[in-house]
Amino acid sequence: MVASDQAVMTGTQLDTLCINTIRTLAIDAVQQANSGHPGAPMGLAPTAYCLWQQYLRYDPADPTWMNRDRFVLSNGHASMLLYAILHLAEVRQVDENGEITKEHAVRMEDIKRFRQLGSRTPGHPESHITSGVETTTGPLGQGVGNSVGMAIASRWMAATFNRPGYEIFDFNVYAMCSDGDLMEGIGGEAASLAGHLKLSNLCWMYDHNSITLDGPASWSFSEDVATRFVGYGWNVTRVSDANDLEMLGRAFETFQKTTDRPTLIIIDSHIGYGSPHKQDSNTSHGEPLGEEEVRLVKKFYGWPEDAKFLVPEGVREHFRDGVGRRGREFHSKWSKQFADYSQKYPELAEQLGHMQNHELPAGWDKNLPTFPADAKGVATRESSGKVLNALAQNIPWVIGGSADLATSNKTTLKFEGAGDFRAGNYAGRNLHFGVREHAMAASVNGMVVSRLRAFGATFFNFSDYMRASIRLAALMQAPSIFIFTHDSIGVGEDGPTHQPVEQLASLRAMPNLIVLRPGDANEVVEAWKIIAQLQHSPAALVLTRQNLPTLDRTKYASASGTAKGAYVLADAPGGKPELILLGTGSELSLCVEAYEKLKAEGIKARVVSMPSWEIFDKQDAAYQESVLPSDVTARVSVEMAATFGWERYTGSKGKNIGMHRFGASAPLKDLLKYFGFTVEKVVEAAHSVLGK
Ligand SMILES: Cc1ncc(C[n+]2csc(CCOP(=O)(O)OP(=O)(O)O)c2C)c(N)n1
Ligand SMILES: [Mg+2]
């Protein structure tokens, strides 16, 4: 081992003590849980300590402070690093109502119960569980993706809310990441986007420890990361010894002085620093050290070998005196300024208040369009674009864009002043994500946890590229908005590579995601109203490319039923059907046509429009029974997608018309016929379930 490996360099003894406290807390927690990764926290402790103690503008007494710097642990497997820091910095827990409690977010008992049921220290950081955790991480690459969205949010909020003499927003975003984060495609997409947007408020700290789970990183990762990031337009700097606090400090200062580019700090570190037996071996390091090794490591750190979960005297005080005091000072200065600002700009302050709580401003639903009955109709992507434009005018913090398909997705905000978000024009509300679906979704999540209502759009088929980020939005209860158009074989000539089949079923299987597939323009309006009001769930809005008739709502039920997820659109006389047709999206009008035919035949049919399974499933049993009476077992669902799951609503005696293979490249009308999405086929299925 070289000399510099022996101890924390250039700091005081107290610095060393604090750093080794972080390390040993991580070691002990992982050992006690008999599960987790101690190595990364050990190697990264000096970096995290240096950042939090000296540079991060963060008030542990208020983890909801709007202008706090953000710290993201993208290498979420190093969760104990974050928990130890949150514990030592005494970050407070915030309750479900957004109120700050007297409790610490991570108490010693939580550290002792690392990875146990109900603790605030789950295996990977989860932002809805532990205050101070800015975003949920673990799937590598997501956190760095989120950090780009947070940096966008900081820039947008500054450009939108700051006023001369009132720098209300100028927060920086720091993301720690590992080899895995930079190997992942999303890491590259996110870095490319951040460089393009010149987000100089963004700093990634790359733990260059030359090792991954399977063995040396060189087995699978040999590119020149520095050169790659220079190519992305980043400022790249290097800290050749992760234990050198002075060098780390200089790197953070370089970041803070850089005003035209994001900064990557490459930090050369040793995994499991201080664990000589492990660090040279190729065995997995993602596991507890073992009791014997723990003792050796503690000895190496000059720690009492038998002490467990030890926080030596002076350590907490030192944190209070460092990040605690600095944070309090920054925050109180800011609060004074914000009080003045609120006097001078009450409207803006009010907006920020709503934003902070994911609340809607008064008049959020004014001027929403309504669509007259029209047999030729309009594509739901088209009506959605109109509603989105109205909503975004009413809710000034709705921003977003598409992954290079804005013209197709109809997501462009066209009203006066909407503008484009670009390097140099950070007030713009139209984001251009480029062909980077995954980073788009992750950065939308980053904006949403920064309290914007951000949206991202692409073709429905490419939702697969975003799935990992959609899942995290759902898990962390972030009301991100995902807009998907071209939702079926209705795409036509582009063919099966572009025609979604299984995406609806797969998104419906995701907990806490609200999937909405409105059946006509007026259902689109209602769907958007639902989305606007979501506070703890993301939404996937699934829309057509092709025109759909706008149903005559004087003849059929009002689209307001959409609010219940499913509703009776057309009914049998006396509300006593013998048959139920269920449809969503573009197949709704097909059900209506079939209904009219069946009616003419004297068959008592009902049409149920079912734009959202999730919302319908939340209704009480009486409502569900009123829509789908259990004694009516003759049921047919129609949806141009995999039928997987529809049995739940159509039962064992029902029939499901849908897609049982990939689509094909052909004009839409030929596909509809070929795959059986015709009135005749629906009528035929109806006869069959009725035994006629
Ligand atoms: C998307 C994803 N794939 C795989 C994993 C499982 N995993 C956890 S850590 C890790 C790699 C560890 O190597 P590195 O990223 O260099 O982190 P280090 O061990 O050096 O801290 C892997 C593959 C994951 N968390 N996320
Ligand atoms: Mg590594």
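In which loop does His-486 lie? His-486 sits in the loop that runs between strand E12 (481-485) and helix H18 (503-508); helices (H or I, at least four residues) and strands (E, at least two) are DSSP runs numbered from the N terminus. This is a predicted model, in which local features need pLDDT of at least 70 and side-chain atom pairs count only at pLDDT 80 or more, while totals for chains, interfaces and linings use all residues. Residues are numbered from 1 along each chain as its sequence is written, chains are lettered from A and ligands numbered from 1 in the order in which they are written, and side-chain values use heavy atoms, with hydrogens and water left out.

**Loop residues with positive phi**

- His-486 has a positive phi of about 60 degrees although it is not a glycine.
- With a relative accessible area of 5%, His-486 is buried (buried is under 20% relative accessible area, exposed over 50%, partly exposed in between, with a 1.4 Å probe and protein chains only).
- Asn-367, also not a glycine, has a positive phi near 60 degrees, and lies in the loop between helix H13 (346-356) and strand E8 (374-379).
- Asn-367 counts as exposed, at 63% relative accessibility.

**Magnesium site**

- Asp-179 (OD), Asn-209 (OD1) and Ile-211 (O) coordinate the magnesium ion (ligand 2) at 2.1 Å.
- Donors are N, O and S atoms within 2.8 Å of the metal (3.2 Å for Na, K and Ca); water is not among the atoms, so sites may look incomplete.
- Along the chain, the donors of this magnesium ion follow the spacing D-x29-N-x1-I.
- Asn-209 counts as buried at 10% relative accessibility, and Ile-211 counts as buried at 11%.

**Nonpolar cores**

- A nonpolar core is a set of buried Ala, Val, Leu, Ile, Met, Phe, Trp, Tyr and Cys residues joined through side-chain atoms within 4.5 Å.
- The largest nonpolar core has 114 residues, of which Trp-204 and Trp-528 touch the most other members.
- Helix H5 (residues 142-161) gives the most to this core, with 10 residues.
- Apart from this core lies another, of 59 residues, including Tyr-49, Val-133, Ile-211 and Ile-267.

**Helices H7 and H8**

- Helix H7 (residues 185-196) packs against helix H8 (residues 225-232) at an angle of about 45 degrees, with their axes 8 Å apart.
- Axes are lines fitted to C-alpha atoms, for helices over the stretch in contact, and angles run from 0 to 180 degrees between N-to-C directions.
- H7 and H8 are therefore oblique to each other (under 35 degrees is roughly parallel, over 145 roughly antiparallel, 65 to 115 roughly perpendicular and the rest oblique).
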